[in-house]
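Have a look at the picture, then read on.

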Amino acid sequence: MSERIALGFCNNVDYEIVWNAEVLEELITAYEISADELGLPSEIGSERDLLISILNFMTTSGGGERFVSSSAIIERFAARFEKKITLGGTSVRAAIAMQVLGYTAALHLITMNSHVRRLLPRDCPYICSNPGDSTYPHLIVQFGADARLRAGDIDIRAKQSNRLIYHCNAARISMNLNEDFADLITEAKVLLISGFNAVQSKQLLADRLVRLKRILKRLPSDATVFMEDGAYYEPSFRQLIFRELGPRIDIYSMNEDELQAHLDRAVELHDAHDVTCALTDLSRLIPAETIVVHTRRWALAYGDDADRYATALKAGVTMATTRFRYGDDFTMANYREIGEREANAEDARFADIVNAAGGNCMVCAPVAAVEQENGITIGLGDAFVGGFLPALAFDSDFS
């Protein structure tokens, strides 16, 4: 059995906690956390360290992913809140999103348990690389625009909504690959590569890339390889990936936090000149034919003949915005409704400037305007992928 869309290479269980300022403020007081402790980089080896990390992200309204020394820290912290158990990992969340549009995909999983069996899309064939059941939960913290925490000398108000991911996932750290996945991709039009950002050993990563290259040999030569970035435990490992996979990566995709991390500078998302300069600099670092950046305001593609991805960008931002507005249980009607909405004036103006100046080397799709400030923030990049890839694999359906 082979699918036109193949999604690898990891999955996990997410604990999506419900934001509770009262509980968080009580913890700040109990742990005697003071304002002068914020902003200092540190490993997360305790619940106190975890709380300081959350406060640091709130200070900048940024999002990101961090490694925690023990899953017990996550379990203890999550037990203090109401929570929803969902499936995570770009590949699985993308598959869940695209099933609403009626598309299936072949999946490479790295962990199996009762939650995966219950929530995995039913019609998606899959391979799992690890025998037996295992659960390494990811903690998902979402704060809304204007979320505020006040305790002691700490007074923080978020300027915009965002999401944080914390985990100690042994399956992701080892990223075992099952090469039988190659049997599921022989007719694929697009393949997603994601999930290697948690690997902590250069030697282990090198071994996994050798296995991945063997899998890729079964992929049709004209298939598009789409790689999604992430918060790497060791950022320098990206260079090993670029060196080993190199020209086989057709599209390299990231969000605005990852864009700014690559460049080690802030980028003004409504300044077309600043964004263009950022993409020019980024293209010198990343040896992919096309770079895709998806943000809360717009998504764009940059590279030779990038304009051919205009329809896929539109489908991607529509999917992500639909999830932001309606959450997990969105419908095809919700997707169509979001797709018909106009962007706000500032985002539309930015896209117009980029599209007028970019020729066929840069194309931008603005995000539809929604009134909801405190929407779902987790999985928006994954939902973007879940909209973008079907538009590549089934382009006639989206024309």
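Glutamate 47 sits in helix H2, which covers residues 47-60. Helices here are DSSP runs of H or I with at least four residues, strands are runs of E with at least two, and both are numbered from the N terminus. This is a predicted model, where local features need pLDDT of at least 70 and side-chain atom pairs count only at pLDDT 80 or more, while totals for chains, interfaces and linings use all residues. Residues are numbered from 1 along each chain as its sequence is written, and side-chain values use heavy atoms, leaving out hydrogens and water.

Is glutamate 47 buried or exposed? With a relative accessible area of 4%, glutamate 47 is buried (buried means under 20% relative accessible area, exposed over 50%, partly exposed in between, using a 1.4 Å probe and protein chains only). Leaving aside neighbours within four places in sequence, glutamate 47 is in contact with Leu27, Tyr31, Ile73, Arg76, Phe77 and Arg80, where contact means heavy atoms within 4.5 Å. Glutamate 47 also forms a salt bridge with arginine 80, and their closest N and O atoms are 2.8 Å apart. That pair links distant parts of the chain, 33 residues apart: glutamate 47 is in helix H2, and arginine 80 is in the loop between H3 and E4. A salt bridge means a side-chain nitrogen of Lys or Arg within 4 Å of a carboxyl oxygen of Asp or Glu. Arginine 80 is partly exposed, at a relative accessible area of 35%.

In one of them, arginine 296 pairs with glutamate 256, with the closest N and O atoms 3.4 Å apart. These two come from distant parts of the chain, 40 residues apart: arginine 296 is in the loop between strand E14 (290-294) and strand E15 (298-303), and glutamate 256 is in helix H9. Glutamate 256 counts as buried at 10% relative accessibility, whereas arginine 296 counts as partly exposed at 29%.

Aspartate 281 and arginine 284 form another salt bridge, with 2.8 Å between the closest N and O atoms. Both lie in helix H10 (residues 272-285), 3 residues apart, which is about one turn of the helix. Aspartate 281 is partly exposed, with a relative accessible area of 26%, and arginine 284 is exposed at 63%. Elsewhere, salt bridges that share partners join Asp14, Glu16, Arg93 and Asp382 into one network.

## The sheet

Which order do the strands take in the open sheet? The 5 strands run E3-E10-E7-E2-E4, with mixed pairing. Strand E3 (64-67) and strand E4 (83-88) are the edge strands, each pairing on one side only. Two strands pair if DSSP finds at least two bridges between them.

E2 and E4 pair in the antiparallel sense over 6 bridges, while 3 bridges join E2 to E7, which run parallel. Aspartate 14 has bridge partners in both: threonine 86 in E4 and histidine 138 in E7. Since 6 of the 6 residues of E2 are buried, this strand is largely enclosed by the rest of the structure. Asn12, Asp14 and Glu16 point one way from E2, and Val13, Tyr15 and Ile17 point the other way. Over on E7 (residues 138-143), 6 bridges join the strand to E10 (residues 162-167), and the two run antiparallel. Phenylalanine 143 stands opposite asparagine 162 in E10.

Arginine 323 is found in helix H11 (residues 310-326) and is buried, at 6% relative accessible area. The residues that arginine 323 touches include Glu16, Arg93 and Asp328. A polar atom of the arginine 323 side chain lies 3.0 Å from the backbone oxygen of isoleucine 378.

Isoleucine 215 lies in helix H7 (residues 202-216) and is buried, with a relative accessible area of 0%. Among the residues isoleucine 215 touches are Phe9, Phe181 and Ile185. Then there's glutamate 258 in helix H9 (residues 256-263). Glutamate 258 is buried yet has no salt bridge, and the nearest side chain of opposite charge, arginine 163, is 5.2 Å away (Lys and Arg count as positive and Asp and Glu as negative, while His and the chain ends are not counted).

How values were computed: A polar contact is a pair of N or O atoms within 3.5 Å; within protein, one must be able to donate a hydrogen and the other to accept it, and residues adjacent in sequence count only if both atoms are side-chain atoms.
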